[in-house]
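User: I have a model open and want to learn how to read it. Can we go through the helix contacts, the chain contact and the overall build?

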Amino acid sequence: MSGLDRRWIYLAMMLAVALPILWNGVTGKTFPESPTPPSQACFDAIEALPEGSRVLVSFDYDPASEGELAPMATSFMRHLMHKRLKPVVIALWPLGPTKAEETIASVIKTDFPDRVNGKDFVNLGFQTGNEGVLKVIGTDFRKQFPVDRSGTPVDRLPIMDGITKAGDFPLVITISAGYPGGKEWVQYVSSSNPGLVLLAGVTGVQASQVYSYYPGQLRGMLAAIKGAAEYEALVSAAIDGDRVTAPKYTEARRRMAPQLFGHVLLIALIVLGNAMYFAQKRCKAVAP
Amino acid sequence: MSDAITDQTAPAQGRWWIGLFLVIAVLVAIRAGMGEGVGRVYVQTETTRYASTTNEQGRVAWSAAADGTAGAVTIERDLFRTAGQFRAAESAAPGQQAIRVSWDRTIGLWLAAFFTLAVFSFLAGDNPAYKFTESIVIGVSAGYWMVVAFWETLVPKLLANLAPDMVKAWCMPNLEGGAFNPIALIPLGLGIMLLSQLTPLGRHVGRWPLAFVIGTFAGLKMVSHVESDIIEQVRATMLPMVAFGDDGSFAAWASIRNVLIIVGVLCTLAYFVFSVEHKGAVGRAARVGVWFLMITFGSAFGFTVMGRIALLAARFEFLFIDWLWLIDPKGERGMTVVATLVSCIVDMT
């Protein structure tokens, strides 16, 4: 076992991930998801908002984390639109606005074409400065985001009427891949605005760092692709009911089958490796 | 000795890699000959005319204009279309040009597929394709960040404050304010001092802006850490060890959870108290703390594995769906190779 070429393990992992994708592509079937409390809390926080409320959504990721975070962004945007809430999109990552535009095109422009840019949603783009941006929008939102992505001053946008600081939003959502992201939103915005509700969708690597903030400083949290799949299932159940969900809204659940087989393989390898280790140790101990 | 072995094995390894990529190329060529072929990107060009108006504050606004508007400019955008939409358009009007193959985007798709395979090839061993891809990634990233820093920081934050009229005429017609801001000279000076680190004589000058950055950052971080990571986290640990539900009944699971959180925090802290010897009660608490730490590390590892598998699945989806057109979970093409093969097998059996 100790002499096993590690490329066999890579090959096994490749098959464990690739075959379920092909199986899903043929059958269209996904595993059922039951929500954990952090995902349910995200859903409930959005459900609790009255129609027409404005929600600050920060796209703090880039294509490298798209596999985990894009399904979350899609589900959040679909849920907000279905509830007739008004997302104000910003980004602390340079490629965040592009990811936001893709989500807006896929969800709002396709399935909610009656919503008007600047009135029902807006993309204010990226601002450099990391935590500096968060510190400033806590007191003066327009100083950091004076115009939207197409250059229209925010003073002219109906969606921004009465918004002067981050605390004016009843709900803030960050979809975060690292620094700056969920942790910084807690440190610089949530802590200084006690009434503000903050939700975070984070990558697997970040989840263990952010978990300690739930449920006090973070009202809800989507942890990695599992959290995305749970929330996606909740939103689909609320919107689609018994109808068939459009494939673009099942992306996270489609990625759970590769997760299952990948994890089973990994657990089996860990158990096997340990069993072999102890067996070898025992053999050496009894050998003369 | 090892150099001699490397020299002897290098040509054999090179041939092995060339052979592997040739096999992949042959498989892709076979796949391209089946059914509707392989990855192509379709687009439809949307043409919009815009006219500009300038209000009394000198602010320029662009809005959609009708054909024939004087001074209007035409903007063409390529919108993505699916293979299914292309096929539907072709069956309605054969030879139509509204939806067409975008060859530059198709080349981009194939390059992305090549780079993905080249990165995967590192799992089998270091090779020229991986090195080439790695160099491309580093070069593109460096170039991209340089452009972002120029257009997102230097122009709007520095130049727009130092020479607003020039910036307004050059690239930001809707620039607010428009007056020279002398405070912007401070970051300009600090920036020049920082650049002096590149010269041997100016290293000591470069330490002053670094001290400014570190001092400011430390002050900014300290306040937020004390608030969110100490005060709020201590508050989150002050939990009732015997919890009751909303109806006043005893909540067993909530109580167990609260006790676990409190015991976990105290025992983990005990492990990090190094000024007291880990013996007796402190030693036992520290050992329990080690268990909590191990479970935390295991959980973090599990989450990391989940994240990495999700990213791997996303790359496979790209290869199977966008490049090889093996499956069609989004229903964008209306037919798939795997589904066709599976239905043939089912029919035969």
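User: At what angle do the axes of H11 of chain A and H9 of chain B cross?

Analyst: Keep in mind that this is a predicted model. To read a helix pair, take the angle between the axes and how close they come. Helix H11 (residues 256–286) of chain A and H9(B) cross at roughly 130°. Their axes come within 10 Å. That angle makes H11(A) oblique to H9(B). The crossing is right-handed.

User: Which residues of H11(A) and H9(B) meet?

Analyst: On the H11(A) side, A:Pro258, A:Gln259, A:Gly262, A:His263 and A:Leu266 take part. H9(B) brings B:Val305, B:Met306, B:Ile309, B:Ala310 and B:Ala313. By class, the residues of this contact are seven nonpolar, three polar and no charged.

User: How many residues does each chain put into the contact between A and B?

Analyst: Count each side separately. Chain A gives 47 residues and chain B gives 41 residues. Next, ask which elements carry a side. On chain B, helix H4 (128–162), helix H7 (203–237), helix H9 (280–323) and helix H10 (337–348) each supply at least two residues. H9(B) has the largest share, with 16 residues. The side of chain B that touches chain A holds 23 nonpolar, 11 polar and seven charged residues.

User: Now a pair inside one chain. Are H3(A) and H9(A) roughly parallel or roughly antiparallel?

Analyst: Start from the angle again. Helix H3 (residues 66–82) and helix H9 (residues 224–239) of chain A pack at about 25°. Their axes are 9 Å apart. Angles under 35 degrees count as roughly parallel, so H3(A) and H9(A) are roughly parallel to each other. H3(A) passes H9(A) in a left-handed crossing.

User: What makes up the contact of H3(A) with H9(A)?

Analyst: From H3(A), the residues include A:Met72, A:Arg78 and A:His79. From H9(A), they include A:Ile225, A:Tyr231 and A:Val235. By class, this contact has eight nonpolar, three polar and three charged residues.

User: Which residues of H2(A) are buried?

Analyst: Burial is read residue by residue, then you look for the cover. In helix H2 (residues 37–47) of chain A, the buried residues are A:Pro38, A:Ser39, A:Ala41, A:Cys42, A:Phe43 and A:Ile46. Their cover includes H3, strand E5 (197–202), strand E6 (220–223) and H9 of chain A.

User: How many residues of H7(A) are buried?

Analyst: Nine of its nine residues, in the stretch 182–190. A:Lys183 and A:Glu184 are among the buried residues, along with A:Trp185 and A:Tyr188. Now find the partners. The buried residues of H7(A) pack against helix H5 (131–137), strand E4 (171–176), E5 and helix H8 (204–210) of chain A. H7 of chain B packs there too.

User: Where do the domains of chain A lie along its sequence?

Analyst: A domain can be built from separate stretches. Domain 1 takes 6–27 and 257–286, while domain 2 takes 37–248. Their centres are 36 Å apart, taken over C-alpha atoms.

User: What is the secondary structure of chain A, and what does its C-alpha trace span?

Analyst: Chain A has 11 helices and six strands. The trace spans about 85 × 40 × 30 Å along its principal axes. Of its 288 residues, 48% count as buried. Finish with sequence separation. Among contacts between residues at least 6 apart in sequence, 76% join residues at least 24 apart.

Note on methods
Residues are numbered from 1 along each chain as its sequence is written. Chains are lettered from A and ligands numbered from 1 in the order in which they are written. This is a predicted model: local features need pLDDT of at least 70, side-chain atom pairs count only at pLDDT 80 or more; totals for chains, interfaces and linings use all residues. Domain bounds come from an automatic or database domain assignment. Two residues are in contact if their C-beta atoms, placed from the backbone, lie within 7 Å. Helices (H or I, at least four residues) and strands (E, at least two) are DSSP runs, numbered from the N terminus. Ala, Val, Leu, Ile, Met, Phe, Trp, Tyr, Cys and Pro count as nonpolar, Asp, Glu, Lys and Arg as charged, and the others, Gly among them, as polar. Axes are lines fitted to C-alpha atoms, for helices over the stretch in contact, and angles run from 0 to 180 degrees between N-to-C directions. Angles under 35 degrees count as roughly parallel, over 145 as roughly antiparallel, 65 to 115 as roughly perpendicular and the rest as oblique. A crossing is left-handed if the near helix is turned anticlockwise from the far one by less than a right angle, and right-handed if clockwise. A residue is buried if 20 or more other C-beta atoms lie within 10 Å of its own, exposed if 12 or fewer, and partly exposed in between; C-beta atoms are placed from the backbone.
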